[in-house]
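Please open the model in your viewer and keep the selection tool at hand. The stops below are arranged so that each selection prepares the next.

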Amino acid sequence: MRLTSDPRRALSRAGAGGVFGVMMLAGAALAAPASVPADADGAQLAKSRICLGCHQPASKLVGPAFTSVAERYASMGDPVAYLSVSIRQGGRGRWGVVPMPAQPQVSEDEARRLAQWILSLR
Ligand code: HEC
């Protein structure tokens with residue numbers, strides 16, 4: 001507990017994990033990017049890697065809503081592996097006519113974290 005504002009306490013206050021907590025955190029990350037706890041890491045990353053220029057967590061923008069992506073691939077064998085490749089390579093024809101450009105600025109590790117975050121939004 002050397003941090004001045006303890007992220008663990010903030011986390012349990014946000015609803016002790018679970019869907020409610022995740023949604024709270026995702027919302028909080030968009031509204032106040034300042035001191036968000038570890039679970040909002042994905043949201044921060046999505047912002048800093050410019051994903052949010054084309055995607056919104058819960059509504060369609062240029063690309064599909066991340067909640068729709070999570071919904072579609074939830075029952076896939078290894079959705080994190082699939083999506084992390086998909087994120088770095090971009091692609092077309094899965095959601096509409098607009099293609100997603102490749103994202104070479106995103107490392108493999110970051111792509112996995114983004115994929116995990118997206119899948120958590122369901
Ligand atoms: C220039 C706009 C743009 C940017 C920037 C962008 N996307 Fe996309 N994204 C799209 C579009 C358009 C699609 C739909 C492509 C299709 O129909 O296959 C898409 C699809 C996706 C999908 C679904 C892929 C699938 O296999 O179904 C994921 C996941 C995704 N984007 C994540 C990201 C992440 C994470 C970032 C940031 C690193 C990002 N996108 C940046 C436009 C964008």
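Against which helices do the buried residues of helix 5 pack? They pack against helix 4 and helix 6, where packing rests on contacts, that is, pairs of residues whose C-beta atoms, placed from the backbone, lie within 7 Å. Before selecting anything, note that this is a predicted model, in which local features need pLDDT of at least 70 and side-chain atom pairs count only at pLDDT 80 or more, whereas totals for chains, interfaces and linings use all residues. Residues are numbered from 1 along each chain as its sequence is written.

**The whole chain**

Helices (H or I, at least four residues) and strands (E, at least two) are DSSP runs, numbered from the N terminus. Of the 122 residues, 21% count as buried, a residue being buried if 20 or more other C-beta atoms, placed from the backbone, lie within 10 Å of its own, exposed if 12 or fewer, and partly exposed in between. Among contacts in the chain with a separation of 6 or more, 50% are between residues 24 or more positions apart.

**Helix 5 and its buried face**

Select helix 5, residues 79-89, and within it L83, S84 and I87, which are buried. Looking down the axis of helix 5, you will find that these buried residues fall within an arc of 105°, so they line one face of the helix; the arc is that of the directions from the helix axis to the C-beta atoms. Helix 5 is followed by G90, whose phi is positive, near 70°.

**The nonpolar core**

Next, select A46, I87, A111, L114, A115, W117 and I118, the residues with the most contacts inside the largest nonpolar core, which has 15 residues. Such a core is a set of buried Ala, Val, Leu, Ile, Met, Phe, Trp, Tyr and Cys residues joined through C-beta atoms within 7 Å. Helix 3, helix 4, helix 5 and helix 6 each supply at least two residues of this core, and the largest share, five residues, comes from helix 6.

Move to helix 3, residues 41-48, where G42, A43 and A46 are buried. These three cover an arc of only 100° around the axis, which puts them on the same side of helix 3. Just after helix 3, I50 takes a positive phi of about 70°, and C51 is found in the loop between helix 3 and helix 4. C51 is buried, because 22 other C-beta atoms lie within 10 Å. Leaving aside neighbours within four places in sequence, C51 is in contact with A46 and L114. A distance drawn from C51 to Q103, C-alpha to C-alpha, comes to 9.2 Å, although the two are 52 residues apart in sequence.

**The ligand shell**

Finally, display the 28 residues around the ligand, of which C51, C54, G63, R94 and M100 come nearest; a residue is near a molecule if its C-beta atom, placed from the backbone, lies within 6 Å of it. This shell divides into 17 nonpolar, eight polar and three charged residues, with Ala, Val, Leu, Ile, Met, Phe, Trp, Tyr, Cys and Pro counted as nonpolar, Asp, Glu, Lys and Arg as charged, and the others, Gly among them, as polar. Helix 5 gives the most to the shell, with three residues.

Definitions and conventions
Two residues are in contact if their C-beta atoms, placed from the backbone, lie within 7 Å.
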